[in-house]
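Biologist: I would like to learn how to read a model of this kind. Please take me through it feature by feature.

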Amino acid sequence: MATVKKMRNEVKEIAWCKSTLEKLPWGKVALHYDQEADVLYIHLKPHSGAAKAKELAKEGILLEYADGELIGIIVLDASQR
C-alpha cells in the first residue's frame, strides 16, 4: 500500500514538472527517466546531431546546447533530489 502511494506521489510530481516546463517558451517537453542510471533527461527541443553539455554550479545538473541554443537538461542522481 505504501509503495502504491509513493508511486502516485512521484507520478504527480513528474506531471507537475512536465506541465510547468511546457509553459516555458519551448512548448512541448519530453521527459525520460533511466532508472538503472538514475538520470532524468528533459528534452526541450528535438535535435539530431552533436550537443555540448555544460555543468551548472549545482553539481549533477547538466545543460545541453546545440548551435548556442538550450535543447535539454540532464539531472544526475535524480531520485536523490
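Biologist: What share of the protein chain is made up of buried residues?

Modeller: Buried means under 20% relative accessible area, exposed over 50%, and partly exposed in between, with a 1.4 Å probe and protein chains only. Here buried residues are 22% of the 81 residues in the protein chain. This is a predicted model, where local features need pLDDT of at least 70, side-chain atom pairs count only at pLDDT 80 or more, and totals for chains, interfaces and linings use all residues. Residues are numbered from 1 along each chain as its sequence is written, and side-chain values use heavy atoms, with hydrogens and water left out.

Biologist: Which pattern does the protein chain follow along the sequence?

Modeller: Helices (H or I, at least four residues) and strands (E, at least two) are DSSP runs, numbered from the N terminus. This protein chain has 1 helix and 5 strands, in the pattern α-β-β-β-β-β.

Biologist: In what order do the strands form the sheet?

Modeller: Two strands pair if DSSP finds at least two bridges between them. The open sheet has the order S1-S2-S5-S4-S3, with antiparallel pairing. Strand S1 (30-34) and strand S3 (52-55) are at the edges with a single partner strand each, so one side of each has no neighbour in the sheet.

Biologist: How many bridges join strand S4 to strand S5?

Modeller: Strand S4 (residues 61-66) and strand S5 (residues 69-76) run antiparallel and are joined by 6 bridges. Leu62 stands opposite Ile74 in S5.
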